[in-house]
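Subject: Structure handover

Hello,

Here is the structure for your files. My notes come after it.

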Amino acid sequence: MNGQPPPLLDMIGRLIGAPSVSSSQRHLDQSNLAVIGLLAEWLEGAGFAVEVMPIPGHTGKANLIATLGRGPGGLVLAGHTDTVPYDAHLWTHDPLRLTEEAGRLYGLGTSDMKSFLALAIEAARGLAGQDLGQPLVILATADEESSMSGAIALAEAGRPLGRYAVIGEPTGLKPVRMHKGIMAEAIRLIGRSGHSSDPSLGNNALEGMHELIGDILTWRRELQTRHRHDAFAVAVPTLNLGHIHGGDSPNRICGECELHIDLRPTPGLALDDLRADLHRRVAELAGRRGLDWRVERLFPGMYVDRYQERAD
């Protein structure tokens with residue numbers, strides 16, 4: 001045992017200062033091992049049994065499972081270690097340094113959600129495993145903001161961690177009883193490059209993507225017209241155009257263009273049906289414009305079939 005964890009604000013500050021961006025863009029994606037190392041040190045000092053679980057196929061990524069007490073059941077305090085990418089020049093404070101100002105804390109991950117992991121450790125300060133009727137588990141996962149690789153690895157390992165779980169996402173202390181699903185897809189159109197002085201020499205994939213974006217936005221309106229679930233603050237399915245790249249020079253016809261989308265369906269909208277619809281739309285446009293195409297999953301996605309209130 002390495003002694004008790006440091007004070008709460010020190011823990012938050014050190015977590016904020018350990019960059020752990022996760023992204024589908026390789027040049028932005030970072031390891032989360034620095035965060036995992038800090039959590040492991042503090043939790044071991046607090047008397048927890050700590051397991052670091054490397055994520056298969058994802059070098060530099062790991063989950064952490066820390067357990068205090070023994071037996072079946074128990075409570076899981078769950079959070080993720082990663083953050084989204086950030087635009088440093090748009091921040092009024094250093095995003096990688098905890099800053100306190102006017103009663104607020106600023107830094108990348110203060111809200112979503114490194115602070116929760118520090119708060120969970122603080123809440124467990126002074127507890128002893130032998131005094132607990134059921135175990136307390138603090139869980140920290142990788143890549144929640146991108147591929148969900150940490151949660152997927154945990155599920156595939158088939159490890160029962162507890163009977164109850166509190167997930168420390170920033171909800172304003174309002175309980176959230178269900179989620180939308182999620183899918184993220186990469187759409188690639190492949191044309192033919194050529195010199196811009198003679199458009200007949202090529203087939204512009206960027207122009208094809210422009211038309212496809214219009215069709216995707218029409219599809220979004222259709223989904224939002226047909227599907228609504230008033231339990232959600234945003235009651236309709238959302239579809240975000242999150243990333244696009246095509247071409248390499250203004251005087252060359254764009255030979256390839258790639259678009260990444262994020263779609264969050266309301267319960268009951270099946271991912272397989274949505275993917276089939278997307279593939280059909282891409283195939284129709286590509287066929288009409290003489291383009292090759294591919295649609296690939298950025299991660300497997302999650303589907304919410306339905307939600308039923310428990311009578312008990």
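The model is predicted, so local features need pLDDT of at least 70 and side-chain atom pairs count only at pLDDT 80 or more, while totals for chains, interfaces and linings use all residues. Residues are numbered from 1 along each chain as its sequence is written, and side-chain values use heavy atoms, with hydrogens and water left out.

Backbone

A cis peptide bond runs from D112 to M113, with omega near -10°. M113 sits in the loop between β5 (104–106) and α3 (114–124). Helices (H or I, at least four residues) and strands (E, at least two) are DSSP runs, numbered from the N terminus.

A102 is not a glycine, yet its phi is positive, near 55°. A102 belongs to the loop between β4 (99–101) and β5. M148, also not a glycine, has a positive phi of about 60°, and M148 is placed in the loop between β6 (136–141) and α4 (149–157).

Are these two residues buried or exposed? A102 is exposed, at a relative accessible area of 77%, whereas M148 is buried, at 14%. Here buried means under 20% relative accessible area, exposed over 50%, and partly exposed in between (1.4 Å probe, protein chains only).

Salt bridges

The structure contains 19 salt bridges. The term stands for a side-chain nitrogen of Lys or Arg within 4 Å of a carboxyl oxygen of Asp or Glu.

One of them pairs E211 with R289, and their closest N and O atoms are 2.6 Å apart. Because E211 lies in helix α5 (residues 205–226) and R289 in helix α6 (residues 271–289), this pair ties together parts that are 78 residues apart in sequence. Both ends are partly exposed: E211 has a relative accessibility of 29% and R289 a relative accessible area of 28%.

Another salt bridge joins D215 and R281, with 3.2 Å between the closest N and O atoms. D215 is in helix α5 and R281 in helix α6, so the pair ties together parts that are 66 residues apart in sequence. D215 is partly exposed at 26% relative accessibility, but R281 is buried at 9%.

D230 and R228 also form a salt bridge, at 2.7 Å from N to O. D230 is exposed at 60% relative accessible area, and R228 is exposed at 59%.

Finally, salt bridges with shared partners link D215, E222, D277, R280, R281 and E284 into one network.

Regards
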